[in-house]
Amino acid sequence: MLFDAFWAACEVCHRLIEDGQWARLLRRHERLNPTAMDPLVAIETAALWQQFDQRRIGQAVRIGGAVS
Ligand SMILES: [Zn+2]
């Protein structure tokens, strides 16, 4: 899977991603998305984020914020 040169997240998620706080990001995701509480969904989400973390390129963009 390839990820585009730009990716975007809200300010809170952006900070968690850039700090590598994946467990905290998953807890936030589960809190905000009740269907994510399904263990299979959580496993798939974590796997997708791991691929993103390993392969992302380009600049990060905070939704509503400046490019960092
Ligand atoms: Zn967010």
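Which residues do ring pairs link into a cluster? Ring pairs join Trp 22, Trp 49 and Phe 52 into a cluster. The legends below describe close-up views of a predicted model.

**Figure 1. The aromatic cluster of Trp 22, Trp 49 and Phe 52.** The structure holds 2 aromatic pairs. In one of them, the ring centres of Trp 22 and Trp 49 are 6.3 Å apart and the planes meet at 40 degrees, so the pair is tilted. Trp 22 belongs to helix H2 and Trp 49 to helix H3, so this pair ties together parts that are 27 residues apart in sequence. Trp 49 counts as buried because its relative accessibility is 18%, and the limit for buried is under 20%.

**Figure 2. The ring pair of Trp 22 and Phe 52.** The centres of these two rings are 6.3 Å apart and their planes lie at 80 degrees, so the pair is edge-to-face. The pair links distant parts of the chain, with Trp 22 in helix H2 and Phe 52 in helix H3, 30 residues apart. Both Trp 22 and Phe 52 are buried.

**Figure 3. The largest pocket and its lining.** The volume of the largest pocket is about 210 Å³. Its lining is made up of 14 residues, and those nearest the centre are Ala 9, Cys 13, Ile 17, Leu 25 and Trp 49. Strand S1 (7-9), helix H1 (11-18), helix H2 (22-32) and helix H3 (39-55) are the elements that give two or more residues to this lining. H2 gives the most, with 5 residues. By residue class, the lining of the largest pocket divides into 11 nonpolar, 2 polar and 1 charged. Trp 49, one of the residues nearest the pocket centre, is also part of the aromatic cluster with Trp 22 and Phe 52.

**Figure 4. The zinc ion with Cys 10 and Cys 13.** The SG atoms of Cys 10 and Cys 13 coordinate the zinc ion at 2.1 to 2.2 Å. Cys 10 has a relative accessibility of 27% and therefore counts as partly exposed. Cys 13, at 17% relative accessibility, counts as buried. Cys 13 is also among the residues nearest the centre of the largest pocket.

**Figure 5. Arg 62 and Cys 10.** Arg 62 is located in strand S2 (residues 60-62). Arg 62 and Cys 10 are 52 residues apart along the chain, and their C-alpha atoms are separated by 5.4 Å. With a relative accessibility of 24%, Arg 62 counts as partly exposed. Cys 10 also counts as partly exposed, at 27% relative accessibility.

**Figure 6. The buried residues of helix H2.** In H2, the residues Trp 22, Leu 25, Leu 26, Arg 28 and Glu 30 are buried. H1 and H3 are included in what covers them. Trp 22 is part of the aromatic cluster, and Leu 25 is one of the residues nearest the centre of the largest pocket.

**Figure 7. Thr 45 and its contacts.** Thr 45 is found in helix H3. Its relative accessibility is 13%, so Thr 45 counts as buried. Apart from neighbours within four places in sequence, Thr 45 is in contact with Leu 26 and His 29. Leu 26 is among the buried residues of H2.

How values were computed:
Residues numbered from 1 in each chain as written. Predicted model: local features only at pLDDT ≥ 70, side-chain atom pairs only at ≥ 80, totals over all residues. Heavy atoms only, no water. 1 Å grid on protein atoms, 1.4 Å probe; cavity = no way out; pocket = protein on both sides within 12 Å on 5 of 7 lines; lining within 4 Å. Points joined across faces, edges and corners; volume = space filled by probe spheres on them. Helix = DSSP H or I, 4+ residues; strand = E, 2+ residues; numbered from the N terminus. Nonpolar A, V, L, I, M, F, W, Y, C, P; charged D, E, K, R; others polar. Phe/Tyr/Trp six-rings, centres within 6.5 Å; stacked < 30°, edge-to-face > 60°. Buried < 20%, exposed > 50% of the residue type's maximum accessible area, 1.4 Å probe, protein only. Donors = N, O, S within 2.8 Å, 3.2 Å for Na, K, Ca; no water. Contact = heavy atoms within 4.5 Å.
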